[in-house]
Amino acid sequence: MRYGLNKKLYVLKDGESAKPGDSVVEVMTLDMFKKQHHQHMQDYLLVSGLRNVQYSKAELLSQCIIGTFVIPQKEDILNKKAMFGYYMDSKTLIFIDDSHYVQRMLHQIERYQKFEKSDIFHLFFELLEFLIHDEVEFLLGYEDKLSDIEERIESGDGQTKGISSEILNMRKELSKINAYYTQLQDISDTLSENDNNLLDDQSCLLFKLFSDRMERLSDHTQQLREYALQILEMYQARLDIGQNRIMTFLTIVTSIFMPLTLITGWYGMNFKEMPELGWKFGYPVCIIICIALLCAEIYYMHRNKWLRMS
């Protein structure tokens, strides 16, 4: 798919050239790029980078900029991602994409946006902005989820099963998102430095502003990860308190029945010369002694507030 750029994107038909002075935006598959662009070193570098795409980046060459994008998909952040490469000079922007992700993105931009300048770098800036246009709302969704988990822990209504794995999964997702934001910031920083002098001052300023925005998003993501860790620690503390209560209860029960166990063991020795065994009142007296011991122990523990579990 080919577009011309003059204040807005317009579709170019097969064999049609852009109007004089207009820029050209193309979307093609990797195989198409290999067939049409195989003369310059940057072409080979870009193809080589696309064979094993790991992260988003921008590389400034003498007359162009090449790079890749790896974009986590919000429906499955840990396992699903969109990947494509790009080549950019002052008049041309080529996307190498086998997944049609860029095509859908450009279609949205073509329908709803009009650019102030007919400039490739300004369009690239708009593409970056489009990638993060709903990120604040997206992060607020995580904040709401974490707040809901915190309320469930505080209420102690029994709806806390699986919270630990839920929080850990959210921290993994936020870590992936933060890495994505950091990579976009690196791209904008690289472009704003303008080491190959392809960009004008206004374009450099735009990418500098975008870099500042990405830094704020990254900070927000880090705060959410710390918030998630605090909730996880609070949840673990609640579990520890519950376990401590159980251990306290078991210790109290053991302490109460320990004297009775001693009496049972004492009279279970069955020596011949044990007068209580032949005494007709031995059994009821033993019962009375055991009950008295239990009452005395319970009274003593209650008086020292050892029976309070809260």
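How much space lies in the largest pocket of this structure? Before I answer, please keep in mind that what we have on the screen is a predicted model. In this model, the largest pocket holds about 330 Å³ of space. Eighteen residues line the largest pocket, and the closest to its centre are I71, Q73, K74, Y101 and L131. If we ask which elements give two or more residues to that lining, the answer is β5, which covers 65–72, together with the helices α3 (101–112), α4 (120–131), α5 (135–155) and α6 (163–193). Of these, α3 gives the most, with four residues.

Let me turn to the second largest pocket, which has a volume of about 260 Å³. Here α7, α8 (275–278) and α9 (282–303) each supply at least two lining residues, and the largest share, five residues, comes from α9. Among the residues that line the second largest pocket are I263, W266, Y267, W279, Y283 and I289, and by class the lining divides into nine nonpolar, one polar and one charged.

Helix α7 runs over residues 201–267, which makes 67 residues, and it reaches 98 Å from its first C-alpha to its last, close to the 99 Å expected at 1.5 Å a residue. Where does α7 bend? The bend, of about 35°, is at M258, and a proline, P259, follows within four residues.

Now to the sheet, to which β5 also belongs. Seven strands form an open sheet with mixed pairing, in the order β2-β1-β3-β7-β6-β5-β4. The strands β2 and β4 (57–60) stand at the edges, and because each has a single partner strand, one side of each is left without a neighbour in the sheet. Neighbouring strands of this sheet are turned by 20° against each other on average, with direction ignored.

Two pairs in this sheet deserve a word. Strand β1, residues 2–6, and strand β2, residues 8–12, run antiparallel and are joined by five bridges, with L5 standing opposite L9 in β2. One residue lies between the strands of this hairpin, where K7 takes a positive phi near 70°. In the other pair, β6 (residues 81–88) and β7 (residues 92–96) are also antiparallel, here over four bridges, and M88 has L93 in β7 as its bridge partner.

Technical notes: Residues numbered from 1 in each chain as written. Predicted model: local features only at pLDDT ≥ 70, side-chain atom pairs only at ≥ 80, totals over all residues. Heavy atoms only, no water. Expected span 1.5 Å × (residues − 1). Bend = angle between axes of the 7 residues up to and from the residue. 1 Å grid on protein atoms, 1.4 Å probe; cavity = no way out; pocket = protein on both sides within 12 Å on 5 of 7 lines; lining within 4 Å. Points joined across faces, edges and corners; volume = space filled by probe spheres on them. Nonpolar A, V, L, I, M, F, W, Y, C, P; charged D, E, K, R; others polar. Pairing = 2+ DSSP bridges. Axes fitted to C-alpha atoms, helices over the stretch in contact; angles between N-to-C directions.
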